[in-house]
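Welcome, and thanks for taking a look with me. Let's walk through this one together in questions and answers.

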Amino acid sequence: TLLAGVLAVQGNVSEHVRAISRAGEAVDERVEVREIRSSSRLPDCDLLLAPGGESTTISRLIHKEGIAPEIRDHVEAGKPVLATCAGLIVLGRCEDDRVESLGLLDVEVERNAFGRQRDSFETTLDVTGLDEPFPAVFIRAPVIADSRSCEVLASVEGRPVAVRGGPIVGTAFHPELTDDPRIHRLALFDSVAATQ
Ligand code: GLN
């Protein structure tokens with residue numbers, strides 16, 4: 001059984017809990033999901049999911065609750081992480097001084113940058129590692145302004161929207177809002193299989 005931690009200080013948590021369970025079923029892996037709102041809960045986890053929501057609130061709370069150093073340890077141990085939308089902002093590098101980002105994923109992220117033109121949109125994406133296009137929902141999505149040392153897995157209009165850096169996959173969109181478990185599978189389970 002794999003223990004999957006979902007960062008649950010704020011944001012769309014329940015959708016990710018369901019998506020992880022679906023992805024586990026798809027790879028025949030037993031998964032237990034643990035919501036993380038305080039310290040000492042993440043260190044046992046094999047996997048981590050950092051959901052979307054409000055990155056200012058999420059970053060403030062993970063520092064206040066002492067979860068931030070545990071996220072760093074999780075990444076340094078090479079354990080898989082999926083960071084979506086606000087989660088991507090928090091794990092990457094963001095110039096906005098209302099967000100204390102962790103810089104664990106080597107990307108420069110700008111908050112709400114897609115949203116200046118259109119608040120939300122949906123598109124089908126070709127993603128490296130997936131055979132068929134993925135239905136991607138963007139909601140006030142961040143822009144990955146510089147993917148730096150990360151591998152770009154998908155782009156929209158020439159801008160990266162999914163990246164991989166070490167054990168972390170980051171997406172500007174919300175893979176938990178469709179029934180399609182493939183991004184969760186790719187980020188969280190396929191890499192576990194690859195390291196075993
Ligand atoms: N705009 C949000 C932020 O900057 C992210 C949007 C989302 O997670 N859906 O925190």
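What follows is a set of questions about the annotated sites, the ligand shell and the strands.

A quick note on the ground rules first. This is a predicted model, in which local features need pLDDT of at least 70, side-chain atom pairs count only at pLDDT 80 or more, and totals for chains, interfaces and linings use all residues. Residues are numbered from 1 along each chain as its sequence is written.

Q: Which residues does the UniProt annotation "active site" cover, and what is the largest C-alpha distance among them?
A: The annotation comes from an unreviewed UniProt entry and covers Cys85, His174 and Glu176. UniProt positions are given in the numbering used here, feature names are shortened, and annotations may be inferred rather than shown by experiment. These residues are spread over 92 residues of sequence yet cluster in space, with a largest C-alpha distance of 11.0 Å.

Q: Is His174 buried or exposed?
A: His174 is found in the loop between strand 12 (168–171) and helix 5 (182–195); helices (H or I, at least four residues) and strands (E, at least two) are DSSP runs, numbered from the N terminus. A residue is buried if 20 or more other C-beta atoms lie within 10 Å of its own, exposed if 12 or fewer, and partly exposed in between, with C-beta atoms placed from the backbone. Because His174 has 23 C-beta neighbours inside 10 Å, His174 counts as buried.

Q: Which residues does Glu176 contact, leaving aside neighbours within four places in sequence?
A: Glu176 also sits in the loop between strand 12 and helix 5, and with 29 C-beta neighbours inside 10 Å it counts as buried. Contact means that the C-beta atoms of two residues, placed from the backbone, lie within 7 Å. By that test the partners of Glu176 are Asn12, Glu15, His16, Ala19 and Thr84.

Q: How many nonpolar, polar and charged residues are in the shell around the ligand?
A: The shell includes Cys85, Arg111, Ile139 and Arg140, and a residue is near a molecule if its C-beta atom, placed from the backbone, lies within 6 Å of it. Ala, Val, Leu, Ile, Met, Phe, Trp, Tyr, Cys and Pro count as nonpolar, Asp, Glu, Lys and Arg as charged, and the others, Gly among them, as polar. The shell has 4 nonpolar, 4 polar and 3 charged residues.

Q: Which residues does Ile139 touch, not counting residues up to four places away in sequence?
A: UniProt's unreviewed entry lists Ile139 under "binding site", and its place is in strand 8 (residues 134–139). Ile139 is partly exposed because 18 other C-beta atoms lie within 10 Å. Its contacts are Ser120 and His174.

Q: What is the handedness of the crossover from strand 1 to strand 2?
A: Strand 1 (residues 2–7) and strand 2 (residues 31–36) run parallel and are joined by 6 bridges; two strands pair if DSSP finds at least two bridges between them. The chain passes from strand 1 through helix 1 (residues 14–26) to strand 2. A crossover is right-handed if, with the strands pointing away from the viewer, the path from the first strand over the helix to the second runs clockwise. This β-α-β crossover is right-handed.

Q: Which residue stands opposite Ala4 in strand 3?
A: Strand 1 and strand 3 (residues 47–50) pair in the parallel sense over 3 bridges. Opposite Ala4 stands Leu47.
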